[in-house]
Amino acid sequence: MNLLLVAHGTRDPAGAVVTEAVAARVRHRLGVRVEACYVDVRRPTPADALAALPGPCVAVPMFLAAGYHVRVDVPAQIGATGRSDVLIGGTFGPDPALVGAAADRLRTAGLRDGDAVVLAVAGSSDPCAQADGERAARRLGRSLGRPVTLATIATGGPRVGEAVAALRADGASRVAVASWLLAPGLFQRTLDDCGADVVGAPIADHDAVVELVAARFHAAGAALSRTA
């Protein structure tokens with residue numbers, strides 16, 4: 001059983017480096033062949049990667065919300081290859097382990113007791129993706145033991161800078177922003193310039209990501225074996 005890691009894609013080379021690093025760590029963790037691909041912006045595409053990846057194969061979408069890319073693009077691009085030996089596993093979503101990773105990143109960046117907290121998501125007009133962002137914020141609030149304000153970087157809700165300013169206007173002396181992003185790039189740089197006192201790093205190179213990919217792979221592989 002081989003593994004296809006499916007990411008969004010970014011024009012920032014640093015983002016691709018992180019995705020490839022995750023693939024390398026998962027390859028070492030599972031001892032199987034692993035290829036990374038992207039549904040948008042850059043290559044290799046799923047079709048490119050699958051052309052060189054024998055089956056059977058599990059595809060794991062590396063997305064923090066089940067929006068349009070997860071529900072439409074990934075199945076369509078894989079389906080267009082004509083491969084019948086590729087099973088799409090569960091996406092990441094607001095998995096508690098990843099919420100814990102975001103909390104770890106925020107603490108490492110300098111979170112203090114009493115800091116107001118914002119969870120910064122990429123943002124989407126897709127209701128499913130929006131619901132996943134809301135779940136992530138609630139889970140982060142439980143993890144940190146304080147309220148968490150949800151804000152978006154690009155679309156679909158109040159912007160991060162606006163949320164930071166509103167919290168300061170309400171009396172917060174310090175504001176910390178947790179990054180709900182996998183890899184560095186333009187969105188993370190936007191967070192770094194949002195005016196917060198503390199900004200967490202992206203989470204893709206956290207151990208929790210590798211372990212979650214492994215869990216999604218094993219779950220899908222077990223399902224594939226049952227139907228074989």
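Tutor: Val 198 in strand S8 is the bridge partner of Ala 176. The model is predicted, so local features need pLDDT of at least 70 and side-chain atom pairs count only at pLDDT 80 or more, while totals for chains, interfaces and linings use all residues. Residues are numbered from 1 along each chain as its sequence is written, and side-chain values use heavy atoms, with hydrogens and water left out. Strands (E, at least two residues) and helices (H or I, at least four) are DSSP runs, numbered from the N terminus.

Two strands count as paired if DSSP finds at least two bridges between them. In general, strands of a sheet pair through backbone hydrogen bonds, either parallel or antiparallel. S7 and S8 sit in an open sheet of four strands, ordered S6-S5-S7-S8, with parallel pairing. Its edge strands are S6 (148-152) and S8 (198-199), each of which pairs on one side only.

Now turn to strand S1 (residues 2-7). S1 pairs in the parallel sense with strand S3 (residues 57-61) over five bridges, and Leu 5 has Val 60 as its bridge partner there. S1 also pairs in the parallel sense with strand S2 (residues 34-38), again over five bridges, and Val 6 stands opposite Cys 37. Together with helix H1 (residues 13-30), S1 and S2 make a right-handed β-α-β unit. Right-handed here means that, with the strands pointing away from the viewer, the path from the first strand over the helix to the second runs clockwise.

How many residues of S1 are buried? Six of its six residues are, where buried means under 20% relative accessible area, exposed over 50%, and partly exposed in between (1.4 Å probe, protein chains only). Asn 2, Leu 4 and Val 6 point one way from S1, and Leu 3, Leu 5 and Ala 7 point the other way.

Cys 57 is buried, because its relative accessibility is 0%, whereas Cys 128 is partly exposed at 35%. The structure holds zero disulfides, a disulfide being a pair of cysteine sulfur atoms within 2.5 Å. For Cys 57 the reason is distance, because the closest cysteine sulfur, in Cys 37, is 9.0 Å away, too far for a bond.
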